[in-house]
Amino acid sequence: MNDITTYSIGELAREFDITTRSIRFYEDQGLLAPTRQGQTRLYTNKDRVRLKLILRGKRLGFSLAETKRLFDLYDMENSSARQLLTVLELIDDKRASLHQQLEDIKVLLVELGNLEERCRDELNDLQPSGEAQQ
């Protein structure tokens, strides 16, 4: 008797609230490797955990290529030190990218504020003095 728990693509899609198409895409990208029983894909607990990590990585802003890099390291090496160093490197890169985005957003907000002020001033100059301002 086979004691390994397996999941269908539909079960995983429901559990993680994603489409079966998304799961097949992750499979095409080499992130998941289900076994097949005829036309049916059978996902193991390892696949389920990987799917969970893929989705968590996406929420944190990691690309699928970055996630695949970590999976490949895990599959190739027994040493967790290299894996952890790689994760720390990815975290540093992501943090730097987010800080840059934050600075860009701050600059953009200042520019939008300046443009809004100029537009309001110009609108006030165009309106006769008796009209109510918006």
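Q: Is F16 buried or exposed, and how do you know?
A: This is a predicted model, and in it F16 has a relative accessibility of 17%. Buried means under 20%, so F16 counts as buried. You will find F16 in helix 1.

Q: How far is F16 from R48, counting between C-alpha atoms?
A: Their C-alpha atoms are separated by 9.5 Å, although F16 and R48 are 32 residues apart along the chain.

Q: Why is R48 called partly exposed?
A: The relative accessible area of R48 is 21%. Partly exposed covers the values between under 20% for buried and over 50% for exposed, so R48 with its 21% is partly exposed.

Q: What makes R48 and E15 a salt bridge?
A: The closest N and O atoms of R48 and E15 are 2.6 Å apart. The cut-off is a side-chain nitrogen of Lys or Arg within 4 Å of a carboxyl oxygen of Asp or Glu, so the pair R48 and E15 forms a salt bridge. This pair links distant parts of the chain, with R48 in helix 3 and E15 in helix 1, 33 residues apart. E15 has 39% relative accessibility, so E15 counts as partly exposed.

Q: How do you know that E27 and R41 meet in a salt bridge?
A: From N to O, the side chains of E27 and R41 are at 2.6 Å. The limit is within 4 Å, so E27 and R41 qualify as a salt bridge. Here too the pair links distant parts of the chain: E27 belongs to helix 2 and R41 to strand 3 (residues 40-44), 14 residues apart.

Q: Are E27 and R41 buried or exposed?
A: E27 has 16% relative accessibility, so E27 counts as buried. R41 has 18%, so R41 counts as buried. The cut-off for buried is under 20%.

Q: Which residues are linked with E27 in a network of salt bridges?
A: E27, R36 and R41 are linked in such a network.

Q: How many salt bridges does a search of the whole structure find?
A: The search finds eight salt bridges.

Q: Which residues make the nonpolar surface patch, and why can L115 belong to a patch?
A: I105, L108, L109, L112 and L115 make this patch of about 480 Å². Residues in a patch need over 30% relative accessible area. L115 has 42%, so L115 passes that cut-off, and L115 is called partly exposed. L115 is found in helix 5 (residues 80-126).

Q: What makes the patch with D121 a negative one?
A: The patch is formed by E117, D121, E122 and D125. Asp and Glu count as negative, so the patch is called negative. D121 is placed in helix 5. With a relative accessible area of 41%, D121 is partly exposed.

Q: Which residues have the most contacts inside the largest nonpolar core?
A: They are L12, I23, Y26, L32, Y43, L51 and I54, in a core of 14 residues. Helix 1 (9-16), helix 2 (20-28) and helix 3 (45-59) each supply at least two residues of this core. Helix 1 gives the most, with four residues. In soluble globular proteins, nonpolar side chains tend to be buried together.

Q: Why is D28 called exposed?
A: D28 has 62% relative accessibility. Exposed means over 50%, so D28 counts as exposed. D28 lies in helix 2.

Definitions and conventions. Residues numbered from 1 in each chain as written. Predicted model: local features only at pLDDT ≥ 70, side-chain atom pairs only at ≥ 80, totals over all residues. Heavy atoms only, no water. Patch = residues over 30% accessible without salt bridge, like charges linked within 9 Å, V, L, I, M, F, W, Y side chains within 5 Å. Areas by Shrake-Rupley, 256 points an atom, 1.4 Å probe, with all protein chains shown as cover. Buried < 20%, exposed > 50% of the residue type's maximum accessible area, 1.4 Å probe, protein only. Charge placed at Lys NZ, Arg CZ, Asp CG, Glu CD. Core = buried A, V, L, I, M, F, W, Y, C linked by side-chain atoms within 4.5 Å.
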